Structures are given as C-alpha cells and as structure tokens.
Amino acid sequence: MLIIILRRLLQAVMVLLFVALISFLIFRFVGNPVESLLGQEATVAQRAALEDALGLNDPIYEQYANFVWRALQFDFGNSYRGALPVAELIALRLPATLELAITSAIFAVIFGVITGIYTAINRGSMMTNFILSTSLVGVSLPTFLIGVLLIWLFSVELNWLPSFGRGEVVDLGWWTTGYLTVSGLKSLILPSITLGLYQMTLIMRLTRAEMLEVLRQDYIRLAVALGQSKRQVYFFHALPNILIPVITITGLQLGSVIAFAIITETVFQWPGVGLLFINAVYFVDIPVMSAYLLLVGFAFVVINLVVDLLYLLIDPRLRDGQLRKEV
Amino acid sequence: MLKHLLVSAAILSVSLTSASAETIRWARAGDSITMDPHAQNEGPTHTLSHQIYDSLLQRDMAGSIIPSLATEWTALPNNPSVWRFKLRQGVTFHDGAKFDSEDVVFSLNRAKADGSEMKELLSSVKEVRAVDAYTVDIETNGANPLLVNNLTNMFIMDKGWSESNNVMTPHDVAKGETNFATMNTNGTGAFMLVSRAVDEKTILKANPNYWGKDIYPNQVTEIIYTPIQSSATRVAALLSGEVDLIQDVPVQDLGRVESSSGLKLATAAQNRVIFLGVDTANGPTADLRVRQAMNIAINRDSIKKVVMRGQSDPTGVIMPPFVNGWTEDLNKYPKYDVKMAKDLMAQAGYSNGFDIVLNCPNDRYVNDEAICQAVVGMMAQIGINVTLDAKPKAQHFPIAKGGESDFYMLGWGVPTFDSHYIFNFLVHTQTENRGSWNPTGYSNADVDAMIVSLESETDLAKRDATIAKIWAEVQKAQMYLPIHNQVLNWGMRDNIEFDVQPEDQPHFQFLKFK
C-alpha cells in the first residue's frame, strides 16, 4: 500500500517537472524576456546588464533549476499586461474558474449518474430513447456553440438568465464567491451547463454501460432470486461496483473541465483563469502563459493522484496489495 | 390637504429619483489596460481615463476640439514657439484638492517621463511653465502649430495626490511595473471611480462637483462598464437588456440590432483607414506598374458589399475624411479594371504573374482576414498568386513593421487629425525617429524634407500646400493600396441619445436620455 502511494507520488513529481520544463522553455525562448523588458531603444550595454541580472547567461540547467525553485514559491514574475505579479493575478481569478468547474462537475455527475442508471434500468422505454438521443447533442456539438445557443434561448428569447459575467460576488478576503447571491447563482447556471454537458453525457453513457454489464452478473441474479427488493439490488449491489470507472472518468474529466473552461469562459465573459490565459495569448504575456500551463499541469497531476488514491479506498483488493502486479 | 401634499411630495420624490438615478451599462470588446493616464496610448484605456480625468482641451462627440481644463489657448504673437493656456478656475479634483497651473506643469512633465507612452506626442515640447496660478506656457522646440492636437488625450493629475501616493512617474507597462495609480484615480472629470475588477467590471459614479455640470447634459449618474470579448455574447447582452450600450457591434449582427424593438444603431465614419502596404524596394512589386496594376485590380465596391455588408467607405487615399489635407479628389478611388491591370502586368514583364505572401491580422480590424481573402481572389485574376498568412495582431504587427513582409495589411487612425501624423509614420524614410511604420522601402529625400518642414511651418496656407504636395507624391508612388475607411457602429437602447464619436471614444457627460 505505502509503496503504491510512494510510486504514484514519484510519478506525479516527474510529470510536473516535465511540464515545468516545457513551461520554462516557453518563458525562456518563445518571448525574449530582454526584448519585452527593455524595449527597442535599449543599448547593447543595458541588454548585457539585464541578461546578467536575470541570470540568462547561466547554464541552461541552472536557469531551469532556478525557474522550478521560484515556481515552488509561486514566483512567476510580473504580468506584462496586468502589471501585477502573476501569482496574485491567478489567485484573483482562480475562484471564478474553480467554482465554475466544481458546479459543472457536480451537475455532470449527478445528472450523468441518475440518467445513466435510469436508462440502464428502463431499457427501451420512451424516456430512455429520448434521453439517449438528446445526449448525442451534448457529445457532438462544440462547446462554444452550445454556449451561444443557451444564451440565445435563455437570455435573449426568454430573458431568464444573464448572458455574461459572474453576477454579484461576495468577497471573503481570500476568495470571491458567487454561491451566496441570487444573481451569482443565476450566472452560474448557463456556463456550468455549457461546460458540463459533454462530461454529463460521457458519465451517463459510461454509467449505463457499466450498469448493464453488472446487472448481467450472477450475484445480481442471485440477489434477485433471493427476493431482495429492486432498490436494494440496484443501489447496494450494483451501484458500488460501477463506481470505480465512473470515479476515474469523473476525476480525469475534472482536469479537462478546468483546462477547457477557456472556451466557456470566453463565451460567457467569465472572469476566470481561462479568460486570463486567452488575453495573455493576445498580448503575448509570456509569464501568465507559462504559469497557466504549469497550473493546468499541476491540476491534472493532482487530480490523477487523488483518483488513484481513491481507488485504494474504494477497492479493498487494491488496498490489500493483491493486485499490485497489475497496477 | 396634508394627505394630498404628502402624496404629491411622494410622487415628486419618486419621479425625482428616477430622473436623477440614470445608470448606463456599457460594454465593449476590450478593457482598459491601466488607470494610470500616461502609461498607455491606447483607445480603450483613454476612453475610461476620459470619464475620470480631463485634459486641457478635448474632442467632443463630433471630433472637434473644445475647451476642457483650459478655456483659451493661443500661440504668443511675438513668439510662435510658445503656446499660452488660460486655465479654468474653481475646478477641484475628486478628493477636493484645487486644480491650478502647478498640476498642469506636473502632469505634462509626468507624461514626458520615462515609462510614459504619451511622451512621443510631447516630443516637440521644450518646457512647460506656470505663468501664474491659472496661466501656463508651453514652449516648443521651434514653432509647433499643431501642439493642441496632441493634447486631447493628455490627462491632468493632481500634483499633491501624486506626491503623497508616490506616483510621480508613470509605471512602465512593458516592464510589468505597477503603482498606486494603476488601480486608483483622482481626476477632475465627470465621473469618479467606485470599483474596478480588471476584465470584469468597472463602476463609476457622477462627480457631484464636476465643473462641466451646467455645460454638458450630465444625465448619467452611474456607469457600469463590462468588457465582453465574445462578439456574439456582447450582442446577446444588448438584445437581452443586460447592457444599454455596446461598442464594436459585429457587422453580421447589425441588422439584428437595428430590427429589435427598443434598440437602435448609431453609425458614423471612423477615424481609421484600412490599406495594404507593398514592398517598393525588392521583388516584382518594386516596379511601379505592378503596384498600379494591383491597385486597380482591387474591387473596393465588392469588398464593401460582400465582405463589409455595406459598412465601409471605399477610398483612394490612406487618410480618413476628418484629417487636415483630405480632399474629395484624393478620396476618389480608381475604377476596378482587370483588363488594364493585366496590360500593366504585361508591360512590367509579369504577364505570367508571380507568387507573393500577404500578411494579415485576424483580430485587429473589422473583418480583416475576410478582406485579405477577398484580395487574394482579386489578385489571382491578374495572375498574382497570393498566399494568405493571417495571424493575431501581436504576431502580425512585428512582421508588418519590421519590413519582413512584401505585402501586408495595416489600419491607421489619426489622433491628431492632421496629415503630418500619417506622413511621419508611414511615408518618411525609415530612420531612428521617423518612418517607424514605413517598411515599404519608399524613400524620397525631398518628401522627407517637406515632412519635417511641416512641424514648424506656422503659415497655415503654406503648410496646407506642402501637405497637398506630399500627398501628390504618395499617390504617385503607390506604396500603399487604400481599401476603405471603417465605419463605427454603436448599438444602444432607443431612449438614449448619443452620437458615435469618430475616435470611438464615448464621453458620457454628453449622453442624453429621451
């Protein structure tokens, strides 16, 4: 058990170092920091002085080590555009993205699992066919189109929900939240659905497939034969056994929810890190771009790690180390 | 009786509050970069600064210069290199501090300091002097008849406030610097900053002690400004009534906004001309006949009709119509004539055409990439095989400016409303201080000398004659192929009366409600 955890942690660190390397290469080579800092009137001497000061003449591995060391202290330099330290800028924007991602993930899991179970239990019913065919929309339409369609329907035509922004937010000092106001909650609805629709359909189809698979197993037949109630069979015998793949997918998708929030945030003018990143690309704001890359890499790694550790909790066989060779 | 009085008092107070609390919710594509009024020379940044800060003089909603913090200005009759400004009296900053000549001297010097992006506009200024508390002299190196044109975005800050908050110089945005003035303001303008979240929401409220209260309508009591980047969302926000005014209406949605009840569209020519630059030094385009052929192979009418959906003014000169030096004759564009263009190509020895790359931005001007695509097709008709290379502006501008491109798109606005601004950047030979946006290789010593002479020529008739002469040379050389002037569209609730400002700068003290 401990060995598995340690091995996982080591892998996570390796991946993060690699992401940091790419992020560092972008920072160092895509935009020449000296050019961006000095402007075109700078003299050769000024350049040399700044290169020395920034340590650009050190061996490349030393520069990389410095970059990693500074990143560990959340020091990514100043944004060229926002004129704020990048870490501060990201900290300002992160609550918006995390609230959006979490809301849409909850939406996706709840509706995905419920509809997945429903369609597995009631095979062939009208409702099932309806759910299954409309779920195709979620898989096949691109995110920005879904967003624009929702805006058109619910904001422009029906006038029910706001088309952009976060609404009123409450500042808690270290976190701004839209969960505590009506307009904040209303503003969350459309972006969350837009962002979570794909995940929801994915989870639904996965749940359904797993459920159908499990329901064919002998022990379920036995439980039914023993006269247990349907509810007990479905929710106490079948459901726990489909959780592992569902948790895996949900966890992995949470990473992409954060990463792909870029598109949803642009459509809804959602003031999160995704929008920050898009603006950084427009302005060639390299410090923000490389910090964002590192952040998303970090989110993916942490989420994968947590998913792996959750396996250990849920599956007793893994916990006992019986399947170690296969892991 | 008493009851009656109370009721009518209540009614009166209700009608009063509804008339006095007029909030305008306003959206455009981009946010201001900084609240420090001298740190950036950029449209959306100036727009927000203009609500909060005043300049000595400003452009009104029609684009003409009107008094602001200065009430009168004139070049001294005995010394044309000194401009004297009489300042408005009784003006206070938002924090209550008095405005006087000391603040003007301080602010103009601050705008000339390192880190300021406004300093080029003041490059001719030698010294700014306070004559008395409400008189300021600006001395230039040699006479500068157009100095006032450069002052319309030169905002005045309070010296005392700047000292106590340690913002004596602008912060250098490119170096990632920041200072107190990045997020805090203290101006004399019609609105005061209440709160600001970058890229999210900025709230301004009317300044109760505004000096212009009796001069302008001043009906807006609160401004809520939200940048919305996605154009579809911006239009949706207007259609759904979440915002009252949007700038940057995408051309494909103009009809939608216009036909919606409760909304209207205001349109005006913009101070921005779109054109293509051509390399005159190397390659096939070095031959004048090739450039002439390319010029008449561009079908400007069909670009207007198909690409711009009618929202452009085709032109034959790289100068918007507001600019001093503009004439109907220059503006006339050549007839679209493929046959003659082919003849010219044959005369130049390129009857089989040639290959060229067209560099184009895809996020800067209205339908920029689509215009370039249209040009590719038009050039193909005369045998020129154009490869389109469309990039975001951050990548495009270094290419266009650096002379790496033989064929590129550029748009040009003229904040000084004078031809000299165009010549200085686009026509003068590329040198250290001038011609920075002229990578075409065009270089004419006589023209260069004439351009420099404009800066100190005080005889305006003579100056205008020189401008006309330079334009004649530019039109002859055809290193630029003009396409059109952009048209500005603002969408708004139909109870708003607001003219579209040619610099795309709404000044909300002018806004009226019906």
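## Close-up views of a two-chain predicted model

View 1. Helix 13 spans residues 419-427 of chain B and is mostly covered, with eight of its nine residues buried. To find them, look for B:S419, B:H420, B:Y421, B:I422, B:F423 and B:N424, then for B:L426 and B:V427.

**View 2. Strands 14 and 15 of chain B, side by side.** Strand 14 (residues 355-361) of chain B pairs with strand 15 (residues 385-391) of chain B in the parallel sense, over seven bridges. One place to start is B:V357, whose bridge partner in strand 15 of chain B is B:T387. Together with helix 11 (residues 368-380) of chain B, the two strands make a right-handed β-α-β unit. Strand 14 of chain B is mostly covered, as five of its seven residues are buried.

**View 3. An open antiparallel sheet in chain B.** Here four strands of chain B are arranged in the order 4-5-7-6, with antiparallel pairing. Strand 4 (70-76) and strand 6 (125-132) of chain B stand at the edges; each has a single partner strand, so one side of each has no neighbour in the sheet. From one strand to the next, the twist averages 20 degrees. Helix 3 (residues 101-112) of chain B packs on this sheet and touches strand 5 (79-87), strand 6 and strand 7 of chain B. The direction of helix 3 makes about 170 degrees with that of strand 6 of chain B.

View 4. Six bridges join strand 6 of chain B to strand 7 (residues 135-140) of chain B in the antiparallel sense. Look for B:V125, which stands opposite B:T140 in strand 7 of chain B.

**View 5. Two crossing helices in chain A.** The axes of helix 10 (residues 230-267) and helix 11 (residues 273-282) of chain A come within 7 Å and cross at roughly 85 degrees. These two helices of chain A are therefore roughly perpendicular to each other. Where they meet, helix 10 of chain A brings A:A261, A:I262, A:E265 and A:T266, while helix 11 of chain A brings A:G274, A:L275, A:F277 and A:I278. The residues of this contact divide into five nonpolar, two polar and one charged.

**View 6. Two residues with a positive phi.** Most residues other than glycine have a negative phi. A:Q269 is not a glycine, yet its phi is positive, at about 45 degrees. A:Q269 lies in the loop between helix 10 and helix 11 of chain A and is buried, with 24 other C-beta atoms within 10 Å. B:N166, also not a glycine, has a positive phi of about 55 degrees. Its place is the loop between helix 4 (159-164) and strand 8 (191-197) of chain B. B:N166 counts as exposed because it has 10 C-beta neighbours inside 10 Å.

**View 7. Where chains A and B touch.** The contact takes 31 residues from chain A and 29 residues from chain B. On the chain B side, helix 5 (residues 231-239) gives the most, with five residues. The chain B residues that touch chain A divide into 12 nonpolar, 11 polar and six charged.

Terms used. Residues numbered from 1 in each chain as written. Chains lettered and ligands numbered in written order. Predicted model: local features only at pLDDT ≥ 70, side-chain atom pairs only at ≥ 80, totals over all residues. Contact = placed C-beta atoms within 7 Å. Nonpolar A, V, L, I, M, F, W, Y, C, P; charged D, E, K, R; others polar. Buried ≥ 20, exposed ≤ 12 C-beta atoms within 10 Å, placed from the backbone. Pairing = 2+ DSSP bridges. Right-handed = clockwise from strand over helix to strand, strands pointing away. Axes fitted to C-alpha atoms, helices over the stretch in contact; angles between N-to-C directions. Parallel < 35°, antiparallel > 145°, perpendicular 65-115°, else oblique.
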